[in-house]
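Thanks for coming, everyone. Let me put the structure up, and then we'll walk through how its parts pack.

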Amino acid sequence: MGNFIVTTIRKPNAATENLAMELAEKLGGRFVIREDFSFDALRKIHGAENILLVKKNSLSVVTVEGELFFHPNTAHLRIKNLRGGEGDRLIDALKISTGSKVLDCTLGLGSDAIVESFIAGAAGKVIALEINPLIAEVVSYGLKNFSDDSPHILEAMRRVEVVNADCKDFLKTCADKSFDAVYFDPMFRRPIQKSSGLNPIRPLADSKPLTPEIIREACRVAKFRVVMKEHSGSKEFERLGFKIAGGGKYSSIAFGVIDLAD
Ligand SMILES: C[S@@+](CC[C@H](N)C(=O)[O-])C[C@H]1O[C@@H](n2cnc3c(N)ncnc32)[C@H](O)[C@@H]1O
């Protein structure tokens, strides 16, 4: 995750400063009093690549690419569409419904996990894994504390359980058929530059390709489906044994499905 420090906004209150100290201890980073320093100055003084920034009601990570902070992003519109009776390509690919249990192996900014959680509802469960501790912390804090949205979206956010783990290790700890669906949205082998929503995550995100061993484990853990999102035309689908799901004919992204009921 690179060398990082933890600090606060320029005029923190006691709660903000305490949280910054707690997070520094939890994540093994150094807590630094902000004083009046700019991010560039802090980076130089402390030889740090990334800065975990504690604000009054949110966390963010300042990287060389910009600031990574939590926001429901596309989840907001997708949930609005689902409530209006429209479909969602990910939900169709996962084939989940109320009460489903989903293992989302790649939390990232959390938009997909929020949509899965909206569909699974209070009777279901979404566990979302993130390998990078800074991303996991910022997004998990946001899912618990973000408040500027409608109640059904906030409820869906609060229900997502974030685990800071490598899916390769986590899957091994799961019982056979313990989730209805397992989902992967890895960093694309060839990034789509215009998907600027993901740009701040790039310096922190893990870009290692998935392996056949990980997919085999996912097929053991899922009851019905394993799904992967990638670039349309990506060779990853064939390499890892996915069939392309229908829909999104003109889209630059595609969903691959392994149907375990087949
Ligand atoms: C493309 S983003 C996921 C975006 C997400 N679906 C969303 O809606 O925001 C991929 C994320 O998966 C994480 N990741 C990559 N490899 C992983 C692994 N082996 N285990 C857990 N997380 C992983 C990356 O660090 C990155 O944050």
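In helix 5, Ile 114, Ser 117 and Phe 118 meet His 152, Ile 153, Ala 156, Met 157 and Arg 159 of helix 7. Contact here means heavy atoms within 4.5 Å. Helices are DSSP runs of H or I with at least four residues, strands are E runs of at least two, and both are numbered from the N terminus. By class, this contact of helix 5 with helix 7 has five nonpolar, two polar and one charged residue. Nonpolar covers Ala, Val, Leu, Ile, Met, Phe, Trp, Tyr, Cys and Pro; charged covers Asp, Glu, Lys and Arg; the others, Gly among them, are polar.

A word on the source. This is a predicted model, where local features need pLDDT of at least 70, side-chain atom pairs count only at pLDDT 80 or more, and totals for chains, interfaces and linings use all residues. Residues are numbered from 1 along each chain as its sequence is written, and side-chain values use heavy atoms, with hydrogens and water left out.

Back to the pair. The axes of helix 5 (residues 111–120) and helix 7 (residues 151–159) come within 8 Å and cross at roughly 105°. Axes are lines fitted to C-alpha atoms, for helices over the stretch in contact, and angles run from 0 to 180 degrees between N-to-C directions. So helix 5 is roughly perpendicular to helix 7. The cut-offs: under 35 degrees is roughly parallel, over 145 roughly antiparallel, 65 to 115 roughly perpendicular, and the rest oblique.

Next pair. Helix 1 (residues 14–27) and helix 6 (residues 133–145) have axes that come within 11 Å and cross at roughly 140°. That is why helix 1 and helix 6 count as oblique to each other. Which residues meet? From helix 1, Leu 19, Leu 23, Lys 26 and Leu 27; from helix 6, Pro 133, Leu 134, Glu 137 and Tyr 141. The contact of helix 1 with helix 6 has six nonpolar, no polar and two charged residues.

Five strands form an open sheet, ordered 2-1-3-4-5, with mixed pairing. Strands pair if DSSP finds at least two bridges between them. Strand 2 (30–31) and strand 5 (66–69) are the edges; each has a single partner strand, so one side of each lacks a neighbour in the sheet. Helix 2 (residues 39–46) lies across strands 1, 2, 3 and 4, at about 125° to strand 3.

Strand 4 (residues 59–63) and strand 5 run antiparallel, joined by four bridges. A hairpin of two residues connects them. Ser 60 stands opposite Phe 69, and Val 61 has Leu 68 as its bridge partner.

Strand 7 (residues 125–130) runs parallel to strand 8, with four bridges. Ala 128 stands opposite Val 162 there.

Last, the whole chain. There are 10 helices and 12 strands. The C-alpha atoms fill a box of roughly 60 × 40 × 40 Å along the principal axes. Questions, please.
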